[in-house]
Amino acid sequence: MYSGAVSTIPGFVSKESWENEFGTIHAIPSSTRAEPAKALLLFSELLGLSSPLKVLDAGTGNGRNAIYLAKRGCNVTALDFSDLVLKNALCRVTEAGLTDKVSIVKHRLPERTLCPEKSFDLVLDAYLSCHFLRNDIWERFWSEMGRITKPGGHLLSIVFSLEDEYYQRLLKDSPDGSLVCDPINGIWKRLYSEEEIRKLFVRNFDLEYFAKFEFSDEVFNSVYRRVVFTSVLRKPSF
């Protein structure tokens with residue numbers, strides 16, 4: 001169990017924290033889960049996920065979403081910055097026989113990528129941007145994602161709601177009413193209200209679809225009602 005101090009809020013989650021989570025702790029169900037994000041499945045048909053779409057999986061984790069997208073025919077660039085995480089993702093991609101469809105790339109977001117401008121038809125933010133805790137870092141991330149998305153292309157973002165049962169119980173110790181730190185792994189994230197997340201995105205993108213998605217999930221033998229917001233954004237064509 002994580003025993004570090006939680007009184008100091010970083011700008012984003014450290015590499016060490018992520019490697020502890022993915023390597024030994026596994027407090028986040030998706031760190032070991034093979035199935036893709038439920039919200040990605042929800043919008044897969046609307047987004048027309050198939051060949052020859054080029055997709056960026058930002059913060060690929062164990063590669064579960066990248067594998068799903070590749071199986072649908074997409075060409076996927078999967079980014080992460082932890083050697084341990086990338087090794088696990090590569091093993092999964094190799095076992096799935098999808099190395100020709102998924103490129104595993106080491107990169108620390110939100111730093112500017114080497115991807116050319118207007119490279120991708122779809123950018124996937126599956127529970128990544130909520131870990132960029134300062135507004136300037138969050139803005140930098142979305143500016144870069146907008147840069148590399150093709151005009152008319154989509155960006156899909158999944159974040160946790162303030163109503164999420166697992167994280168909601170941590171709000172009593174929040175420094176601002178939305179930032180929470182999981183004492184099991186020491187990982188901070190920001191929770192959102194529907195009004196807030198809608199306002200944040202419409203400044204730079206067209207909000208094409210929005211869903212509040214609820215499901216049950218198990219964490220360390222306890223079942224919680226999970227509540228997430230999924231935003232399907234479109235980059236303006238002009």
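1. Glu163, Lys212, Glu214 and Arg225 are joined in a network of salt bridges, a salt bridge being a side-chain nitrogen of Lys or Arg within 4 Å of a carboxyl oxygen of Asp or Glu. Lys212 is partly exposed at 39% relative accessibility, and Glu214 is partly exposed at 41%. Here buried means under 20% relative accessible area, exposed over 50%, and partly exposed in between (1.4 Å probe, protein chains only).

2. The model is predicted: local features need pLDDT of at least 70 and side-chain atom pairs count only at pLDDT 80 or more, while totals for chains, interfaces and linings use all residues. Residues are numbered from 1 along each chain as its sequence is written, and side-chain values use heavy atoms, with hydrogens and water left out.

3. The structure holds 18 salt bridges. One of them joins Arg226 to Asp164, with the closest N and O atoms 2.8 Å apart. This pair links distant parts of the chain, 62 residues apart: Arg226 is in strand 9, and Asp164 is in the loop between strand 5 (149-160) and helix 6 (165-168). Helices (H or I, at least four residues) and strands (E, at least two) are DSSP runs, numbered from the N terminus. Arg226 is buried at 3% relative accessibility, and Asp164 is buried at 0%.

4. Glu139 forms a salt bridge with Arg203, again with 2.8 Å between the closest N and O atoms. Glu139 lies in helix 5 (residues 135-148) and Arg203 in the loop between helix 7 (194-202) and strand 8 (206-219), 64 residues apart. Glu139 is partly exposed, with a relative accessible area of 30%; Arg203 is partly exposed, at 48%.

5. Strand 9 (residues 222-234) also holds Thr230. Thr230 is buried, with a relative accessible area of 0%. Beyond its neighbours within four places in sequence, Thr230 is in contact (heavy atoms within 4.5 Å) with residues including Ala39, Phe43, Leu156, Ile158 and Phe210.

6. The axes of helix 1 (residues 15-25) and helix 4 (residues 83-95) come within 8 Å and cross at roughly 40°. Axes are lines fitted to C-alpha atoms, for helices over the stretch in contact, and angles run from 0 to 180 degrees between N-to-C directions. The two helices are therefore oblique to each other; angles under 35 degrees count as roughly parallel, over 145 as roughly antiparallel, 65 to 115 as roughly perpendicular and the rest as oblique. Lys15, Glu19, Phe22 and Gly23 of helix 1 meet Asp83, Leu84, Val85 and Asn88 of helix 4.
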